[in-house]
Amino acid sequence: MEVIIDVFFDHFFSRLDRGCLIARYKRRQLVDYFSTVIEGCCKADKNCDAQNGCRQAVESALRFHENTREGNSQVCLLGKYHNVLYVAAKLAYDWKLVDNDTVAKLLDDIFKCENTFERLFVGAIFGTRVTHLISGWKSDFQNREENYQALRYFIEHATKADLWYEVDGARRRFVDVPMESYGNVSPLRVAVQACQLDVVLLLLQYGAIITFDPEDPHTCALQPLLHRVNDFCYKHPDQEIPQPFVSCLNALLREMPSLPPLVTDPFDLQTESSEVHPNILAVVAPDKVGLRAQDLKDVCRCAVRQCLRLDGQLPLGIDRLILPNILKKYLDFIEQ
């Protein structure tokens, strides 16, 4: 099978137009072709299993990308030479490729050329329609649900491989690599601003950092939401805070022992007030806002998770702790 795919890349794909994979349906056609080859080889050869076939197809795509990059002084030629990586990504997800080294190599190659993973995140956050208008890219996955499952798949592999990436002189884990087309902020901040609770919880579970600099509101995922909710309360004091705001706010506070003060952005002239509105205090846990003594169990969870986060051990490191299962679930946000 490996020979078949290598021949495809060497003698057919290399002669196609450079922009042949710009359209999403073209990439899907190539995914379908590889899937058909994998299925056919598995039926014809009992020694060829689907996992091995998928791995060979993905590796062939990675070799094609790497060879063309090396032939151009380590500069990606873009077009089909780069978009083939997303064909490989869709193929890996469709067949649930378990080979962690291959998936990690795929993610590394994407980052080498793009310095971001936003194309893997945007579909899960915004769905499949908005992304084309914002960044000119249509997700390879069918809908937001499939995008979410694909994002989880790649996060799990990145975490298992302990992948770290250099971004502006700092080391970032996969879940914290900024999204360049979205203000160069973290995926968590984008997900919070979009009020996509499922993505927020997924990123938090895998150790996404809420704030990189407590003094800079531009690096914090909580401050924009807090300002947004605060402004809503001052403008509409008689209305209930929308549930998506409340859910995302409380999800973030699970990682923090207390609600931080509002950090005023000197360039934001639309902020209603720098004081937290009383309505906000009514929708968060009393111990988070000083109305009750802090819950020791919650404080310990925040401290333990922070230690694991700094060591890149969330959430896989939780299982290695010598703790009862109920506490492991509590640390992993499975139990409240």
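Lys-112 and Asp-109 pair through their side chains in a salt bridge, 3.9 Å from N to O. The term means a side-chain nitrogen of Lys or Arg within 4 Å of a carboxyl oxygen of Asp or Glu. The model is predicted: local features need pLDDT of at least 70, side-chain atom pairs count only at pLDDT 80 or more, and totals for chains, interfaces and linings use all residues. Residues are numbered from 1 along each chain as its sequence is written, and side-chain values use heavy atoms, leaving out hydrogens and water.

Both Lys-112 and Asp-109 sit in helix 5 (residues 100–114), 3 residues apart, about one turn of the helix. Helices are DSSP runs (H or I, at least four residues), numbered from the N terminus. Asp-109 is buried at 3% relative accessibility. Lys-112 is partly exposed at 49%. Buried means under 20% relative accessible area, exposed over 50%, partly exposed in between (1.4 Å probe, protein chains only).

The salt-bridge count is 14.

| Pair | N to O distance |
|---|---|
| Lys-112 and Asp-109 | 3.9 Å |
| Glu-59 and Arg-55 | 3.0 Å |
| Asp-298 and Lys-288 | 2.7 Å |

Glu-59 and Arg-55 share helix 3 (residues 50–70), 4 residues apart. Glu-59 is partly exposed at 24% relative accessible area. Arg-55 is also partly exposed, at 21%.

Asp-298 and Lys-288 form their salt bridge at 2.7 Å. Asp-298 is in helix 14 (residues 296–310) and Lys-288 in the loop between helix 13 (278–281) and helix 14, so the pair ties together parts 10 residues apart in sequence. Both residues, Asp-298 and Lys-288, are buried. Salt bridges with shared partners join Glu-66, Lys-105, Asp-109 and Lys-112 into one network.

Terms used. Helix = DSSP H or I, 4+ residues; strand = E, 2+ residues; numbered from the N terminus.
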